[in-house]
Amino acid sequence: VGEYVAACTAGVFTPEDGLRLIAERARLLQSIQEKGKMLAVFTEPETVNATISDYLSDVSIAAVNAPKSVVISGRAETIDHLQSAFKAKAINTVYLKVSHAFHSPLTDPILDPFRKIAENIAYTLPEITVISNVTGKPAETELATADYWVDHVRRPVLFGPGLESLFQQRPDILI
């Protein structure tokens with residue numbers, strides 16, 4: 001949820017609208033009946049993509065945290081099967097303690113209801129640089145759209161690539 005704070009700080013939306021977005025997002029996520037699981041996988045994204053490629057209707061990459069730190073998310077039984085597949089390849093994994101399978105196909109049912117909420121927010125262009133968790137790069141006009149915040153619910157969090165991009169900017173101050 002840090003990107004909501006960053007967007008608010010950058011002037012993309014008001015604190016009240018930011019709180020409304022994040023509260024409605026949380027409410028909708030909690031309404032998902034199938035909870036699913038999330039699994040940290042300690043290998044590169046290419047290996048994870050190859051391993052999960054036959055299961056994309058059930059599972060997706062939820063986060064890329066570092067060059068060899070990826071999180072997958074989705075249906076519990078599929079995550080369990082994939083955990084065994086990674087173990088067979090001698091790839092370490094750790095189950096995450098979460099309430100739901102965030103950034104996975106299990107969140108698809110809430111995307112349209114969340115879009116309706118996001119379309120009623122007043123957006124403006126950022127006044128300071130924000131590194132996008134969706135692209136891993138500096139964000140500009142896309143932050144000021146409902147589409148971006150819907151994608152933010154579903155697409156992987158590119159935390160590692162975002163940090164790389166941030167350090168390339170060589171900022172004097174980081175928040």
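Me: What does buried mean here, and which residues of H6 are buried?
Reply: Buried means under 20% relative accessible area, exposed over 50%, and partly exposed in between, with a 1.4 Å probe and protein chains only. Helices (H or I, at least four residues) and strands (E, at least two) are DSSP runs numbered from the N terminus. In H6, the buried residues are Ala146, Tyr148, Trp149, Val150, His152, Val153 and Arg154. Because 7 of the 9 residues of helix H6 (residues 146–154) are buried, the helix is largely enclosed by the rest of the structure.

Me: What should I know about the model and the numbering?
Reply: This is a predicted model, in which local features need pLDDT of at least 70 and side-chain atom pairs count only at pLDDT 80 or more, while totals for chains, interfaces and linings use all residues. Residues are numbered from 1 along each chain as its sequence is written, and side-chain values use heavy atoms, with hydrogens and water left out.

Me: Which elements do the buried residues of H6 pack against?
Reply: Contact means heavy atoms within 4.5 Å. The buried residues of H6 pack against helix H1 (2–9), helix H2 (15–30), strand E2 (59–66) and helix H5 (108–118).

Me: How is a ring pair described, and how many aromatic pairs does the whole structure have?
Reply: A pair of aromatic rings is described by the distance of the centres and the angle of the planes. Rings of Phe, Tyr and Trp (its six-membered ring) pair if their centres lie within 6.5 Å; planes under 30 degrees apart count as stacked, over 60 as edge-to-face and the rest as tilted. A search of the whole structure finds 5 aromatic pairs. One of them, Tyr4 with Trp149, is tilted, at 4.7 Å centre to centre and 45° between the planes. This pair links distant parts of the chain, with Tyr4 in helix H1 and Trp149 in helix H6, 145 residues apart. Both Tyr4 and Trp149 are buried.

Me: Why is the pair of Phe13 and Tyr123 edge-to-face?
Reply: The ring centres of Phe13 and Tyr123 are 6.3 Å apart and their planes lie at 65°, so the pair is edge-to-face. Phe13 sits in the loop between H1 and H2 and Tyr123 in the loop between H5 and strand E5 (130–131), so the pair ties together parts that are 110 residues apart in sequence. Phe13 is buried at a relative accessible area of 4%, and Tyr123 is buried at 18%.

Me: Which residues do ring pairs link into a cluster?
Reply: The cluster holds Tyr4, Phe13, Tyr123, Tyr148 and Trp149.
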